[in-house]
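Hi,

Here is the structure I promised to pass on.

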Number of protein chains: 2
Amino acid sequence: LSEERLLAWLRELADPRHRWIGDDAALLAATGPLAVTVDHQVSGVHFVPDLDPAVAGARLVAVNLSDLAAVGARPVYAFLALAAPPEQDLKPFCRGVVRACRRAGLQLAGGDLSRGDRLSASLTVIGRRVARGRWLRRAGARPGDELWLGGTIGESALGRALLEAGARPRGGSLAAPRELAAELRRTRLGAAARRAVRRHLEPRPQLELGAWLARGARTAAIDLSDGFALDLDRLRRASGVGVEVETDRLPLAAGHRRLAALLGRDPWELALAGGEDYVLLFTRPPAARRPPAALGALAVGRIVETPGMRLRAGGVLQPLAPAGWDHFSAPRPRRRT
Amino acid sequence: LSEERLLAWLRELADPRHRWIGDDAALLAATGPLAVTVDHQVSGVHFVPDLDPAVAGARLVAVNLSDLAAVGARPVYAFLALAAPPEQDLKPFCRGVVRACRRAGLQLAGGDLSRGDRLSASLTVIGRRVARGRWLRRAGARPGDELWLGGTIGESALGRALLEAGARPRGGSLAAPRELAAELRRTRLGAAARRAVRRHLEPRPQLELGAWLARGARTAAIDLSDGFALDLDRLRRASGVGVEVETDRLPLAAGHRRLAALLGRDPWELALAGGEDYVLLFTRPPAARRPPAALGALAVGRIVETPGMRLRAGGVLQPLAPAGWDHFSAPRPRRRT
């Protein structure tokens with residue numbers, strides 16, 4: 001397939017009603033305050049090379065949408081740049097991208113294809129600030145504010161560990177190498193493992209929560225992509241404050257500790273530094289309205305004046321180091337928690 | 001350098017006055033009709049691996065700007081996604097990007113870095129429609145319109161051929177393997193060769209011409225990236241018309257034919273299918289005001305009703321095939337002219 005034919009195919013797939021407005025550039029009719037995110041994923045770095053390409057494509061979209069959720073934007077347009085070996089069939093990947101865009105009400109409005117030795121994809125997403133909302137920023141947390149988390153942490157890293165151990169989604173279930181499969185059966189952790197892999201492969205960006213926050217009380221917000229500790233450190237630095245986290249309140253998925261033990265991993269390292277959680281971390285003034293329960297957020301600590309991060313467990317405070325996942329310098333999470 | 005430190009460095013470089021507005025996403029205050037372009041370049045595919053990285057970075061910007069010129073947009077914001085081996089120093093490349101952005105009045109407003117086996121870079125540029133202008137489109141040419149070209153064609157492809165033959169820019173001059181250097185001296189084509197390499201490495205997007213067209217009479221426009229014949233075919237198809245080109249009027253750079261002969265290349269193949277010219281190709285109603293001479297555009301043919309493309313030389317018409325450079329399926333221009 002030539003570039004032109006593949007782009008024509010993609011265009012048709014993305015916009016069967018032919019409302020695409022771009023030629024050399026996509027022409028947007030959008031007005032008002034916009035947010036733009038860009039994420040680049042490389043096969044073998046950001047996802048296992050034998051991953052279903054449709055899943056990889058959808059995941060690229062989700063990762064970008066999580067960035068938009070973190071600023072309180074509603075997704076509007078997406079632009080895809082792909083490099084791949086000429087012999088690779090890019091349609092499954094593109095389908096995954098388009099489907100995920102469609103689910104999010106996002107119009108794929110342009111693209112670029114070129115040759116490369118392996119699949120690498122870059123997605124740019126443009127969002128509009130939610131109506132009657134403010135932008136969410138990392139800065140703005142004040143001492144006394146509560147610290148909230150949009151969902152469980154560490155489950156995605158567990159899913160990644162399972163993929164690295166050879167587990168693969170197969171329809172609705174999970175296929176695993178013989179020994180691992182036997183262990184999962186014996187410990188009755190099969191369902192937890194399936195959920196972890198799914199959480200890793202199909203993150204659900206918290207756009208609703210972001211929109212709710214953008215319309216409400218003063219808040220500082222970030223999405224957890226590189227690990228709870230590292231992203232929390234970014235938020236507290238941007239706000240010029242410190243933070244105390246109640247270890248007992250940190251939400252872990254059902255079966256998290258047992259599954260981590262089965263894989264020989266430290267459950268807290270996974271939770272605090274595993275990364276790719278794609279839930280929002282945010283602060284709220286203590287008197288502010290609590291997020292609706294349906295959005296799944298939980299209070300996990302509070303903002304203090306003293307800089308730095310501390311974990312509180314059983315009345316004892318211990319320092320929390322800003323360790324996490326650095327895509328650029330590390331092939332896997334650093335073990336410094 | 002970690003991702004975070006490199007991004008901080010880039011941010012500082014791009015915006016020493018700290019007006020960057022993004023955290024997880026860049027927050028744009030722009031309003032009104034916007035154009036977005038995205039281009040992905042891979043080392044060893046789009047540029048020779050030993051090319052000065054600053055030149056490669058600036059070229060990525062220029063290629064995007066040419067797309068904006070073709071729709072009549074003024075560049076506003078750019079977003080860079082880079083993948084590279086962890087040991088590679090990305091600063092020279094980023095410097096090239098930032099300098100080129102600055103020259104064009106373009107604010108680099110966000111980025112993403114990740115690991116990859118070789119340098120690959122994707123740039124997204126957002127532009128605003130020029131004031132009091134219309135969008136330029138490929139469609140809209142009508143029989144009787146004149147066909148115009150914004151500058152010479154084939155010179156960039158000659159420059160690429162010289163790079164492939166081992167020539168390299170060295171300060172203000174051109175270094176070449178012994179035999180080629182001797183030939184260039186003997187034929188006194190050194191200056192033409194230097195200009196060709198420079199034209200290839202430092203394309204000058206025709207933003208002014210695009211803006212002038214957007215404010216003037218009805219026009220159909222495209223920028224020449226994949227070759228005159230291929231891009232002309234795109235324009236005439238989008239407009240549902242045919243075209244006749246006066247071979248004698250096609251502008252070639254000084255020394256083009258002799259330099260092509262020296263390299264054993266067909267001068268017409270280079271001109272018609274060489275690609276990467278980055279000048280505008282556009283149509284104008286016959287009675288419309290001519291572009292100011294300073295913009296360097298020349299009339300080269302006319303739009304006709306009969307579909308297809310024809311070259312006219314000495315009163316004889318011959319068909320012109322839509323051959324050109326397909327980044328995705330071909331490692332080099334196809335030889336089908």
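This is a predicted model: local features need pLDDT of at least 70, side-chain atom pairs count only at pLDDT 80 or more; totals for chains, interfaces and linings use all residues.

Residues are numbered from 1 along each chain as its sequence is written, chains are lettered from A and ligands numbered from 1 in the order in which they are written, and side-chain values use heavy atoms, with hydrogens and water left out.

Chain B

Chain B has an open sheet of seven strands with mixed pairing, in the order 9-11-6-12-10-13-14. Strands here are DSSP runs of E with at least two residues, helices are runs of H or I with at least four, and both are numbered from the N terminus. Two strands pair if DSSP finds at least two bridges between them. At the edges of the chain B sheet stand strand 9 (221-223) and strand 14 (316-319); each has a single partner strand, so one side of each is left without a neighbour in the sheet. On average, neighbouring strands of this sheet are turned by 25° against each other, direction ignored. Helix 2 (residues 53-71) of chain B packs on the sheet, where it touches strand 9 and strand 11 (280-284), and its direction makes about 175° with that of strand 9. Contact means heavy atoms within 4.5 Å; axes are lines fitted to C-alpha atoms (for helices, over the stretch in contact), and angles run from 0 to 180 degrees between N-to-C directions.

Strand 6 (residues 146-149) of chain B pairs with strand 12 in the antiparallel sense over four bridges, and Trp148(B) has Ala299(B) as its bridge partner. Strand 10 of chain B also runs antiparallel to strand 12, joined by four bridges, with Val245(B) opposite Gly301(B). Strand 10 (residues 242-246) runs parallel to strand 13 (residues 308-313) of chain B, with five bridges between them; here Glu246(B) has Arg312(B) as its partner.

Chain A

In chain A, seven strands form an open sheet in the order 9-11-6-12-10-13-14, with mixed pairing. Its strand 6 (residues 146-149) and strand 12 (residues 298-304) pair antiparallel over four bridges, and Leu149(A) is partnered by Leu298(A).

Cheers
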